[in-house]
Structures are given as structure tokens and as C-alpha cells.
Amino acid sequence: VVDTLTREERSARMRLIRSRDTKPEMLVRRLVHAMGYRYRLRTRLCGRPDLAFRPRKKVIFVHGCFWHGHDCKLGARPPKSRVDFWARKIAANRRRDAEVSRHYGDEGWRCLVVWECQLKDTEFLGRQLGSFLDA
Ligand SMILES: [Zn+2]
């Protein structure tokens, strides 16, 4: 099956694996931890948030821009093949993201999405995370 992947699919998968394993999530966790907040990982909460703060009723999702169709340069980069396939996939992700965020709203929880493209400026990100968690 793997051999039939297009270059686009493969690199998209690699991006996904990388982000799942390590970098973006880890960076956000390190920041949050360094700021002294306690959180839980990979909970069974709706949409499987990357970080969960039950007592505060808050969750954080770290989203890859391509996969979740972010309105930025990374998210707008069009795939070179199977355009329809990716468009459907990304549209489905966005629909699910919207449902998940509605779910938390209905339950009285707050939900923060950190985008891959926002990870470069860790100082700014740290301030955002802090004001979200303290609000
Ligand atoms: Zn982005």
C-alpha cells in the first residue's frame, strides 16, 4: 500500500507523524510545563486534545496547518496531485474540528487551537498560552 502513495501523500504522512511524535506538541507542552501548569496528555476527551486541564475546563489542540486547512501559507499550499482527495480530507478535518469546538462550548469548556505556523515565536505563543490558561 505504501508504494502507491504519491509524493504528496507521503510527505503529508511524514509531516503528520513528525507532528504526532514530537515537535509541535512537544514544544507546546514544554512551554506550558515551563510556565508551571499541570496538564494531561492524550486523554479520551472529545477530539483527543493534545493537552487537557480538567480543573480549569480547558483543552489545547495543536494542529498541522495543511491537515486542518489553516488560513496561512502552509495551509494554503496546494497539493500537486489528487487535489480532490486532499480537499475532501481537509474539509472533513475542518468539519470535525468545528464539531469538537462546539462540543466544548456546549459543555462550558474552553478550547484553544495552536497552529503549527504559530510555533516559531515561542515568546508570543507563551503569552497566548498563559492568557488562555489564566482567563
Ligand atoms: Zn498555519
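I noted the ground rules. This is a predicted model, with pLDDT of at least 70 needed for local features and 80 or more for side-chain atom pairs, while totals for chains, interfaces and linings use all residues. Numbering runs from 1 along each chain as its sequence is written, and side-chain values use heavy atoms, without hydrogens and water.

**Helix pair**

I looked up H2 (residues 23–34) and H5 (residues 122–134): their axes come within 10 Å and cross at roughly 65°. Axes are lines fitted to C-alpha atoms over the stretch in contact, with angles from 0 to 180 degrees between N-to-C directions. Helices are DSSP runs of H or I with at least four residues, strands are E runs of at least two, numbered from the N terminus.

From H2, Leu27, Val28, Leu31 and Val32 meet Thr122, Leu125, Gly126, Leu129 and Leu133 of H5 (heavy atoms within 4.5 Å).

**Zinc site**

I listed the protein donors: Cys65 (SG), His70 (ND1), Cys72 (SG) and Cys117 (SG), at 2.0 to 2.4 Å from the zinc ion. Donors are N, O and S atoms within 2.8 Å of the metal (3.2 Å for Na, K and Ca), and water is not among the atoms, so sites may look incomplete. Their spacing along the chain reads C-x4-H-x1-C-x44-C.

Cys72 sits in the loop between E3 (58–63) and H3 (73–76), Cys117 in that between E4 (110–115) and H5, so the pair ties together parts 45 residues apart in sequence.
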